[in-house]
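Here's a quick briefing on the model below, put together for someone who wants to click through it. Have it open alongside as you read.

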Amino acid sequence: VLCFGLLVIVLDNSILNVALPTIQNDLNATASDLQWIVDSYTLVFAGLLLTAGALGDKFGRRGAMQIGFILFGIGSIASAMAATSGQLISTRAFMGIGGALIMPATLSIITNVFPPEERSKAIGFWAGTAGLGGALGPLTGGFLIEHFYWGSVFLVNIPIVVIGLIAGVFLIPTSKDPSAHRLDPIGALLSIVGLALLLFAIIEAPHNGWTSSKTLGYGGVGIALLVAFGIWEAKSDHPMLDVTFFKKARFTAAAGAITLVFFSMFGSLFLLTQYFQFVLGYSPLQTGVRMIPFAMVMMVVAPLSSRVVQRLGSKITVACGLGLVTIGLLSMVGLQVDTPYSNIFWRLMLMSAGMGLTMAPATESVMGSLPIFKAGVGSAVNDTTRQVGGALGVAVIGSVLATTYGNQIGGFLSGLGLPLPQAAVESAQNSIGAIKNGLVPRLQEMGLSEQAAMVNAEANSAFVSAVHWGVITAAAATAIGVVMVLLFLPARPRIDDVAEQEEEFVSEHVADLLTE
C-alpha cells in the first residue's frame with residue numbers, strides 16, 4: 001500500500017510529460033508555460049517536503065499520508081477542469097501540497113517497519129515502484145489523450161487516491177518521532193520563496209535575457225534567500241532541516257547523487273517527449289509505448305541493485321550508475337530529425353539502467369546514515385533532493401532548449417523575410433508547437449507551400465540542435481556526480497550508523513509492544 005501511494009506521485013509526473021504537446025496546442029501555452037506547468041507542482045512539492053516530513057514525525061505519518069491523498073485528489077480534479085495555462089499552473093501547485101504529504105510518509109514508514117537487514121530490499125521495491133509508475137504513465141497518458149481530452153490524465157489519479165485512502169486505514173501502521181521539535185514556518189517560507197525566485201529567473205531567462213536585470217535580480221534574491229535559509233536552519237533550535245546531517249559524507253554524497261540523477265532525468269524526459277511528437281511525428285500513445293522500455297528497465301534494475309551493492313559496495317554501484325546515465329545522455333547527441341526508434345532504444349536503455357543502479361543505493365545511503373526516529377525528516381530530505389533536482393532540471397535544461405531553439409529559428413525567420421506580423425514570429429520563437437500548428441498551416445493558406453516546408457524543416461533542425469545542447473547539459477551534471485561519489489561516498493555503511501539504527505529499531509518496537 002505504501003508503494004501504491006508512491007505510484008500516484010510518479011504516475012502524475014510521467015503521465016504529464018506525454019501530454020505536454022497536446023496541452024501546449026489546446027491551451028496555447030508557451031515554452032515557459034510548459035516549464036511552469038511541470039515546475040509549479042515540483043516547486044511546491046519540494047518546498048513543503050521538509051515541513052510535511054516534520055508534520056508526519058510530530059503528529060503521525062499515516063495521518064499525513066491520508067490528508068495528502070485527499071488534497072492530491074482535489075488538485076487533480078481542479079487540474080482536469082483548468083481552462084487556461086495559468087489556471088493549470090495554479091492547480092498543479094495545489095497538487096504539490098498533497099504530494100508533499102504523501103511521499104515522505106511512504107519512505108519513513110518503510111524505514112520504521114522494516115529492520116535494517118530487510119530495509120534495503122524494501123527500499124529497492126519502493127524505488128522499483130517509481131519505475132512502474134514511469135512505465136504506466138506514458139502509456140496511460142497516450143491512451144487517454146487519444147481517446148479523451150487532456151484533462152483525463154489528471155482524473156486517472158482519483159481511483160488510486162480512493163484505493164490508497166481505504167487500504168491505508170486498515171493496513172498501514174502509524175508512527176511518529178516522540179522527540180519531534182515544533183514546526184519551523186520561517187525556514188519553510190525562506191526555502192519556498194528562495195527556490196521559487198531562482199526557478200523563475202532560470203525559466204524566464206530565454207524571454208528576459210540571461211544577463212538582463214530581471215534575470216540577475218530575481219536569481220540573486222533567490223540565492224540570497226536560500227543562503228539565509230541555510231544560516232537560519234544552522235542557528236535555529238528547532239530547524240526544519242538539521243544541517244548537521246550534511247557533515248556526514250555518506251549522507252551528503254548520496255543526496256547529491258540523487259539530486260543530479262533527477263536533474264538529468266526530469267530534464268531529458270522533458271526534451272524527449274516533445275522530440276518524439278513534434279519532430280518524429282509520433283502520437284501521444286505511440287510516444288507512451290516507446291517510453292515503456294525506459295521505465296521497465298528501471299523497475300527491474302532498481303530492486304536488483306541491492307545485490308550489486310552487496311558485492312561491490314555503494315560507491316562503485318552508484319558511480320557506475322551515474323556513469324551509464326552520462327554515457328546514455330551523451331549518445332543522444334547523435335539524434336537527428338529522422339532517427340529511427342531502433343537507434344534511440346539502446347540510448348534510453350543505458351540511461352534507464354544507470355538510473356536504476358543509482359536511485360535505490362543512494363536512497364538507502366541517505367536513510368541509513370540518519371537516526372531512525374528522524375525517518376520522516378530524512379525521507380523528506382531524500383525526496384526534496386529528488387524534487388529540487390527535477391525542478392532545476394526542467395528549468396535549466398528547458399531554458400537551454402528554449403534559448404537554443406529560439407535563437408536559431410528566430411534568425412532563420414528574420415532572414416526569410418516572410419510577410420508576417422511580429423507577434424507571429426515571436427510566437428514561433430517561443431514554441432515549436434506554434435510553428436507546427438500555427439505558422440506552417442498559415443503559410444500554406446497564403447499559398448506559400450514551399451516556404452512552409454522550409455520553415456517546418458528548419459524548426460525540426462533547430463529543435464534537434466536544442467535537444468543536443470540540453471542533453472550535454474544533463475550529462476555534465478551526472479559526470480560531476482560520478483566524481484563526487486568516487487571522492488566522498490563510503491563503500492559500506494559506518495558501523496556506528498548500523499549499530500545506532502538497530503538499537504533504535506529494537507527500542508521503538510519494544511515500546512510499541514509494551515503499549516499494546
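Leu 50 is buried, with a relative accessible area of 7%; buried here means under 20% relative accessible area, exposed means over 50%, and partly exposed is in between, with a 1.4 Å probe and protein chains only. Keep in mind that this is a predicted model, where local features need pLDDT of at least 70 and side-chain atom pairs count only at pLDDT 80 or more, while totals for chains, interfaces and linings use all residues. Residues are numbered from 1 along each chain as its sequence is written, and side-chain values use heavy atoms, with hydrogens and water left out.

- Leu 50 sits in helix H2 (residues 31–59); helices (H or I, at least four residues) and strands (E, at least two) are DSSP runs, numbered from the N terminus.
- Pro 239 is 189 residues away from Leu 50 along the chain, yet their C-alpha atoms are separated by 9.9 Å.
- Thr 106, which belongs to helix H4, counts as buried because its relative accessibility is 0%.
- Between the C-alpha atoms of Thr 106 and Gly 5 there are 7.0 Å, with 101 residues separating the two along the chain.
- Asp 184 is a loop residue, found between helix H7 (157–171) and H8, and at 6% relative accessibility it counts as buried too.
- From Asp 184 to Ser 236 is 52 residues in sequence and 8.7 Å in space, C-alpha to C-alpha.

**H13 and Met 351**

- Helix H13 (residues 342–368) is where you'll find Met 351, a buried residue with a relative accessible area of 0%.
- Met 298 lies 53 residues from Met 351 in sequence and 9.0 Å from it in space, C-alpha to C-alpha.
- With 27 residues, H13 reaches 40 Å from its first C-alpha to its last, close to the 39 Å expected at 1.5 Å a residue; the expected span is 1.5 Å times one less than the number of residues.
- Of the 27 residues of H13, 22 are buried, so the helix is largely enclosed by the rest of the structure.

**Helix pairs around H4**

- Helix H3 (residues 61–80) and helix H4 (residues 85–113) have axes that come within 7 Å and cross at roughly 155 degrees. That makes H3 roughly antiparallel to H4.
- For reading those angles, axes are lines fitted to C-alpha atoms, for helices over the stretch in contact, and angles run from 0 to 180 degrees between N-to-C directions. Under 35 degrees counts as roughly parallel, over 145 as roughly antiparallel, 65 to 115 as roughly perpendicular and the rest as oblique.
- The crossing of H3 with H4 is left-handed, as the term applies when the near helix is turned anticlockwise from the far one by less than a right angle (clockwise would be right-handed).
- In the contact of H3 with H4, the residues split into 16 nonpolar, 10 polar and 3 charged; Ala, Val, Leu, Ile, Met, Phe, Trp, Tyr, Cys and Pro count as nonpolar, Asp, Glu, Lys and Arg as charged, and the others, Gly among them, as polar.
- Helix H1 (residues 2–26) also pairs with H4: their axes come within 8 Å and cross at roughly 150 degrees. H1 and H4 are therefore roughly antiparallel to each other, and H1 passes H4 in a left-handed crossing.

**H8 against H9**

- How do the axes of helix H8 (residues 185–208) and helix H9 (residues 213–235) cross, and at what angle? They come within 8 Å and cross at roughly 160 degrees, which means H8 runs roughly antiparallel to H9.
- This crossing of H8 and H9 is left-handed, and the contact residues divide into 17 nonpolar, 7 polar and 2 charged.

**H16 and its kink**

- Helix H16 (residues 432–445) has 14 residues and spans 19 Å from first C-alpha to last, close to the 20 Å expected at 1.5 Å a residue.
- At Leu 439 in H16 there's a kink of about 30 degrees, shortly before the proline Pro 441; the bend is the angle between axes fitted to the seven residues ending at a residue and the seven starting there.
- Buried residues in H16 include Ile 432, Ile 435, Leu 439 and Leu 443.
- Just after H16, Gly 447 takes a positive phi of about 80 degrees.
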